[in-house]
Each structure stands twice: as C-alpha cells, then as structure tokens.
Amino acid sequence: MAIDQQTQIQLSILLGPDSSHFETLISHLMSSSNEQRSHAESLFNLCKQTHPDSLALKLVQSLDSSPNLELRAMSAVLLRKQLTRTGDDDDSAFIYPRIAESTRLTLKSVLITSLQQESTKSIAKKVCDTISELASAILPENGWPELLPFMFQCVVAADNPNLQEYALLIFSRLAQYIGETLIPYLSTLHSVFSQSLRNSTSADVRITALGAAINFIQCLSKASDRDMFQDLLPLMMQTLTEALNSGQEVTAQEALELLIELAGTEPRFLRRQIVEIVGSMLQIAEAESLEEGTRHLAVEFVITLAEARERAPGMIRKLPQFITKLFSVLMNMLLDIEDDPAWHSAENEDEDAGETSNYGFGQECLDRLAISLGGNTIVPVASEVFSGFFAASEWQKHHAALIALAQIAEGCSKVMIKNLEQVVSMVLNSFQHPHPRVRWAAINAIGQLSTDLGPVLQTKYHQSVLPALVGAMDDFQNPRVQAHAASAVLNFSENCTPEILTPYLDGVISKLLVLLQNGKQMVQEGALTALASVADSSQELFQKYYDAVMPYLKAILVNANDKANRMLRAKSMECISLVGMAVGKEKFMDDAKQVMEVLMSLQGSQLETDDPTTSYILCKCLGKDFLPYMGVVMPPLLQSAQLKPDVIISSADSDADIDDEDDSIETITLGDKRIGIKTSVLEEKATACNMLCCYADELKEGFFPWIDQVAPILVPLLKFYFHEEVRKAAVSGMPELLRSAKLAVEKGESQGRNESYIKHLSDYIIPALLEALHKEPEVEICASMLESLNECVQISGPILDESQVRGIVEETKHAVIASSTRRSEREERARAEDFDAEESEILKEENEQEEEVFDQIGDLLGTLIKTFKTSFLPMFDELSSYITPMLGSDRTAEERRIAISIFDDVAEHCREAALKYYDTFVPFLLEACNDENVDIRQAAVYGIGVCAEFGGSVFRPLVGEALSKLDVVIAHPNAQQSENAMAYDNAVSALGKICQFHRDSIDAGRIVPAWLNCLPIKGDTVEAKIVHDQLCSMVERSDPDLLGPNHQYLPKIVAVFAEVLCAGSTLATEQTVSRMINILRQLQQTLSPSALASTWSSLQPQQQLALQSILSS
C-alpha cells in the first residue's frame, strides 16, 4: 500500500531507537478519548501492515523493559492479538508468518525470559496467554522446540511457585487449544499434575494444576488415556477440601467451577468415585457456615451431573440416597423467604419482595433436577418431603411445598398424571390457608399444573378447580391473590375444550367483569388476560357475553391513555382481539374498525401498544379489509425484527462483566468465551419475526409490497444462533414470502413485476436455506428447514435451475449422514452401564424427532421427483446408495416406509424410465406388503398398484406373487378396522389395476368379481375416487368379467353405486357421480321390470329412497 512521506517519517520515529515514542502510542491505545484512540489504532495497524518485524520487536522490548506496569500489560495483550491465529481465511491479524526468522527467535526467547523475570503476577499471566496463543499456532509443526522442556523444568521448580503456576496455566491453555500435540507426554504430565496437586504448598499452584488436569482430561478422546488420570481424582477433590478447611472460599469456588466443567463434559470419568464425590458435594451444600455462593456451586455440580445424560445416562439415578438429600437441601433453600410488606402492596405481579437468592436458586434447581431425572425418580422423594412440609405449622413450609410442586411438574408430568387426585387435593386444600402468600402459591401451583398436566387435569378436575379459582377472586383484601387467580384461569382455559368451560362461563365472566372495575391495575390486567383466554377457548359460545363485555373493554382502551397504563392498554387490546376472533367477523366488524382507529391514533405517540400480536389478530378478523392499516403496523415490526442482540462477551474464566444473577441475561460459553445475551431484546425480535410470517400467511398476495423489505431481514436470520425462536420464525417465513410473490404475479397484483421476480426471490431464499440447514445444530429445526425447503420447491417448481436442485440433493445426503451419526451416538448411549427406563424414554423422544427429519427428506424428494420427473433421475441415482439401506430390516419402520414411498413416486412419475429400478425395489415392495406395520403395508401395496399400471412386461412375471400378497392384506379378518383401512383400500386399488392392465395374466372370471366384492372403499378418499371411476368405465363398456354370466353381478354394482352416491362428493368426483346416475337411468330404461325389481330389492330401504330421489331430480 502507498504511504505518503509524512506518514513514513512518523512510522520511522515510532519504530526508531527512542522507545518513548512507541510507548506514547501504546498509552494512546488505552486512551478514553475516542479521537486519540482511533488515531493511535490506525498508526498501529499501519506499523503492522508495513513493518511487522519492527512492531513485534518493539512490543517485546516494551514488555521486557518498560518500567510502567500498564504499558507492560498492554504490550502483552497487543502481542497476544498479533500472535493469535484466528483460523479465518483472512488471517491477516496473525503476523508470525510474515516476520523474519531472526525476529521469531528473539520473540520466543524474550517471552520466556519475561515470564521468568516479571514480578507482577497479573502481567505474567498475560504473558502466559501470549505464549499459549503463539504455541498453539506453531508447536504442532515443531516451531518452538525449547518451550516444552522449559515448562517441564518450571513445573518441578519447587522453590518458585509462581513459575510452577505459570507453566501449569500454559499447559491448561494448550490442552484446550492443541491437546493432541501433548498426548506423547501423557505419563510425564500425569506425574507433573500429581506432584503439583499433592506436594505444592501454594494454593494457587494446586488450583491451577486442577484446571490443567481437567482441561487435559477433557481433550483426551480415548477412554484408556483418560483412565490413566483416574488416580488424580482424590487429589483433585483434596484441593477443594483443603481450600474449605483453611477458609479460602474464593479458591474453593474456583475449584468447584472447574469440577462442574468436568462433570458436564466428562461425567464418566467420575463414575468410579461418584459416591465419595457426590457425598462431599452434598456435605458442602448442607454446611450453613459456608458462603451461599460456595453452597450453590456444590449443588450446581450435582445437578450438572444429573443433566449430563448424553454422556453418562442414568448415573445419578443409581444414587437414591443422594437424590433424597439433594431434594431436602433444595427444599430448605425455598424456606429462605420473608413476609415482606412490599410484596402485599406491590403494584405489579413481578414484585418478588422477600424472595432471597437462595430461594430463587432452589426453585431453578428443582425444575432442572426434575427434567433431568424424571418423575419415576423424583415423585416418590417429593411426596415424602411434601407430606412433612404440609403437616408443619409454619406458613413458609406450606409455601415451599407448593412452589416446589409447581417447579417439578414439567419434568414429572407423566408420573404426576397417574397420581393426579392426590396432587390436586394437596393444592386445593391450601386455597383456604390463613396466609395470603400460601394461597398465592397454591393458585400459582394450579396455574402451572394446568399447563404441565393439561388437558387431563382440566378434563378430570374442572368441577373442583374452577370454582376454587372463582372463589379466590373474592379475596379483595389481597389484590395479589385476586390477580393471580385470574391469571390461573388463563392457564386453565388454555388447555380446555368449550364443552368443559360452558357450565362455568356465567360465573367466571361475571366475576371477571367485577375485577375489571377494580381500582388496582394489576387486578384489571389479570382479569383482561383471563377474559381473553376464556373467549379464545369458548369460541362462538362467547357470543352471548359479547354485548356485556365489549363496552368495558373499549372503555379501558380509550381511558388508559397515559404512559403508566401502557401495559393495561396492551392487555385490553389483546383481549378485544381474542374476543373478536371468538365471536367471528360479522359480530366484531364494527368494533374492530373502531379499535383499529384507536391504534392508528396512538401510532407514533409515546403510547404505542406493546404487543404486535394484537394487530395481527385484528388482521385475521378483518382479512383484506386490514390492508389500509398495514402502513401503520409494519414500520415498528420491521424495526423490532432488525434489533441487534445485546451481547456482552468476556473470557470464560473471567469473573467480571456478566452478572449471572440477572434473569434478563442468558449466558452461554463458546470455547474460551462467555457470552451474555439480553433475553428481552431477543424475545421482542422473535415475536416481530413471527408476526411478519403471520401477516404474509394471512394476507397472501396482499403482503407483496413488503417482500423487498422483509426478505433481507429474515433470510440472514436463518443462521441467528442466539435464539431458536428467531430461527424458527425465519424458517417458516421463507415459503410464505415466495407464495405471496407467486400469487401476486399470478393475480396481476405485483406492481408490474413478472415471473422473473419469483425466480430472483427463489434464487435468494433457497441457497440461504440450504446453507443454514448445513450448519443447523437442532434436530427439530433441521426438520422444519427441510419442510420449508419442500414448500419452497413446490412453489418455485420448474423455475429452479439445475445447480439449485444439485444443492438440495447434496444437502439431503448431508442430512442423512448427520442423522446416521446421531443414531450411532444414541445406540452408544443405550449401551452405557447406567442406562435405564427413564433414559430409554428420552431416547424414544429423540428417535421420534429424528424420524421427523426422515419424513421431511422423503417429502422433499417426492416433490423433486413430481416436479422434475425423468430429468431428476441422474440425481436420484446418486441418492439411491443413501435410500436403499433404509429398506434394511435393521432400520426403523418409518425409514422403511419413506424409502418405499420414494420409489413409489419414482415409479409413478417417471414411468418407463423407472423400469430399471424394479429389480432393486419391487422385491422389497412385495415383502413389505405383509409387514406388521400398517403404514409400510399401505406404501407397499400402493407401489404394487403403480407398478401394475406402468410396469408393463417388466411387471408381468410378478403378477402371481403380487396377487397372493394383496390377497393376504384384503382377506385379513381385521382388514377393515379403522387403523387398517388405508392399507386395505390401497390393496383393493392395486388389485383393480392388475385387473385393468394385466387381464391376460390372471384368472379374470374369479379375480374381477372378487375385486368388485371389495367395493366401495371409503377410507382413502383419493384412491376411492380413482377406483370408483374405474368401476364406472368397466360398466360403460359392459366388461363381461365384471357383469358376470347373465349379468349376475349387476345387483352388487348397483349397490356400490348407491353407497357411493349417498356419500355425496367424498367417494367420487362430480364427473363420476353424473356418469353413475346416467348408467342407472339407462338400466331403468333397458332392464325388464322383473330384473329391475330384483336388482332394486338387493338395496337397503334408505338406499332405495335415496336413489329414487337422485334419479328423479
């Protein structure tokens, strides 16, 4: 790059012999003045680009000899940044490859000297970081042969604990970065860690040795290598106990955090000494003399072990004595609550006065414990503890039991549903407790149980739960209890059918209207959400209350017109919208327009409604009439959808920067970085993205004017890994945008854009979806992406070009391979020594998710085959090596069904071109006709029908075997039970196709009447229409095998026609129906009266009546 002369002079002064200039530059890099700092940064970057050698030497000189502490520290940090390989394609920040060999030697030598001489520990640790980064880049290629001998020498220097600590710190980092490079030194490292943990008098050395050992154990991929370090475990635990015994709780907490990391990543390493380790942790958790933070970390260790089920399924469940103890520890944490007056006088439901950090931690852990261990383990323990707590006199114990019950409900739902009566009565008894906080907790439990144990709870216990909640709304002395009772009605009715709610509506709605007129905003808000939910659940049954309720709702909307009432107004808007949805467009139309006008008047003021879903509900009510309001609704949505995540990044081992206690911040650890994300921002973003999809879905071509703004927002969010809901919304939006564009072009509402616009949009969306699918970590979202891709292909159809189809095929292969890998991992888990019934249940759920992926792959390939037909076959050939193994008997029923369905599609849509696959696939089809799985049977017999239709001479030799296979399906005693109906109908259809296309290969006089005897078919309405049309054609051409000698089968044919005609349009197309009526009229005219009478007499009386009315009309 060209640099002007003045800058050249400036750089030569900076990098010249007088080091004061360079030190000034470094101090400016730390300046609080933005201008000074950015000027220094641009000079520093120029040095780096044009004089990397001089820059590196200046930095090590400053690190080695500057008397200023801050400058030395900053030099170490800057050096680390220049010597860190990022791994990106553009690794220009990493200067090491660009500097001369002599500079490299100086650099390495000064770093080692500096580490030995640096008297300030914090700076020495920064030097360790720099050494670690450089070593991780150059050690694997033997670029620093002096380093490891130097470190091994430091570690045994008992007279210099600082050097021991620094060397261990570097080992720890290297294990993280390039662990495999250290494997040749296994036994040396084992003795180093052992000595440091056992003999060192320095707590700092011991804790660093602990971290290094744990990092090293984590980097070992072979279990046999990890086993070498088993004997270090007691020493590792000793580091913790010694710190606690000598009152060094900060060190103890560090040790606990390291052990938690080990429990999460290598739980099996702990198995042989699990009893001692978990026992010690629970002793720490129970020790009231210790700091809360220490006790919480000990609990966190045990919970982390319980949660590490992918690596050590079921291990903690084998220790029931500890689970009981842990549960008691957590229950005691819930007792740490005070009856703070601020709780009673609170203005909103979020006020949690009196709740301590102990209480909050206990709550969170109970939830996690129940989810990770499951109901069979937790419920017996909980029942015993709860009965003691409910029997006690202190209100805190009743409160704790109710809070705990609500926390464990999600994880224990299956087991709790079996003991529901006991659970519900336990909670309802507490509705009468004298203490309002206990009554509040009881209502809270009912709300949570309604969600987690619904709809069983609603169906069985509505008669006791709803009246109890209505009664609690009368507690005017305690507005918090009233408001919470209203909120619980919301939870209850969300899982409720209109039939259950109907008998209670009068009582519930009149009570809620009383609460709406209450002076407390919190109570009004609770009543509004409850009313909204009751309306949503009761649907048109709400019509009779509409005229009484709506004036109150509109009054709140109009009067809540200052900033303090923003939430109240938002809730009234939501309530109005849901009530409108429930009663329907006609009843709501006039009010909807008024409400929309109020919303328009708020727009742009300080009073905008919070909840974007409200306008969407109005959009659903108003349909196309909503379009004029879109100009008001969209700008704030687009703004929210573009919110940047509010992220704080710190290093994983730093204690600063991120407040773990802050509920609004979620932290995740990625490599050596800890990332804190503000969840409220993400939730707002997710809601906005969802709404954009909903509007596109609802308004179809009416959404067209917004596509150009929405697509560039949603497409990049397919890879928004901070928040699943944002990704899910982006995924579901892709086909909606394409569909909107296609409909707009087709209906001439696309502002002059034509087909090329759809192509342009499709070219933008489909490659982005494929790339996101390739990187997607969540199985459930992979399935959604495949579904979305399938819809996009259906909409775009033939406008996709070959390279895009090729991309889809490659991604399909990748998805199949990734799925097989996950399957192997699950099989591995199932072989683990602690595997038990609970784990088996979890694996079952994961397998179901995996099947959803295969389902979507099958559907996607089906769409490609239907769209591109024979031109897709070269790609199908590539895929067949992935599809054929899915037919194997070792695969799940769903995979076998999908593989068969894919072949069915190829045979149906590629016809003659597909004949070459018959040898491979038809034997599987024939075998699968009698499979015990009904879905496989259906796919197989359907395929036989397709092959009979299009297989010609290739299928002819197989007709005999096909008939006997179909006969087994059709003649089975349970063939026509509802679960078998689809397979039966498809078998009958296939038999009809053999009769039609291979008449000369069968005993037609026997088989055609047998086919007729199976008619009509009623389960699979698609096949029914085809089969009944075929029957019509055969009658029209007087098929002799069908009519039989002397037309003996005519009464049966008329009976089939009668049944089909009585079913309206479900079993035949309009065209077929009119052909049947014509045939019957012809029969009336041509048959003799006696023949007609005997044919008619075979019908049931109601069929005779129906036919007479049809024929006479």
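Student: In which loop is H1047 found?

Tutor: H1047 is found in the loop between α51 (1040-1043) and α52 (1050-1062). Helices here are DSSP runs of H or I with at least four residues, and strands are runs of E with at least two, numbered from the N terminus. Please note that this is a predicted model, in which local features need pLDDT of at least 70, side-chain atom pairs count only at pLDDT 80 or more, and totals for chains, interfaces and linings use all residues. Residues are numbered from 1 along each chain as its sequence is written, and side-chain values use heavy atoms, with hydrogens and water left out.

Student: What is the phi of H1047?

Tutor: Most residues other than glycine have a negative phi. H1047, although not a glycine, has a positive phi of about 55°. At 44% relative accessibility, H1047 counts as partly exposed, a term for values between buried (under 20% relative accessible area) and exposed (over 50%), with a 1.4 Å probe and protein chains only.

Student: Where does K869 lie, and what is its phi?

Tutor: K869 lies in the loop between α41 (837-868) and α42 (873-883). Its phi is positive, near 50°, and K869 is partly exposed at 38% relative accessibility.

Student: Which residues does a cis peptide bond join near omega -5°?

Tutor: Most peptide bonds are trans. The bond from G454 to P455 is cis, with omega near -5°, and P455 is in the loop between α24 (436-452) and α25 (456-472). Another cis bond joins L1015 and P1016, with omega about -5°; P1016 lies in the loop between α49 (1004-1013) and α50 (1021-1036).
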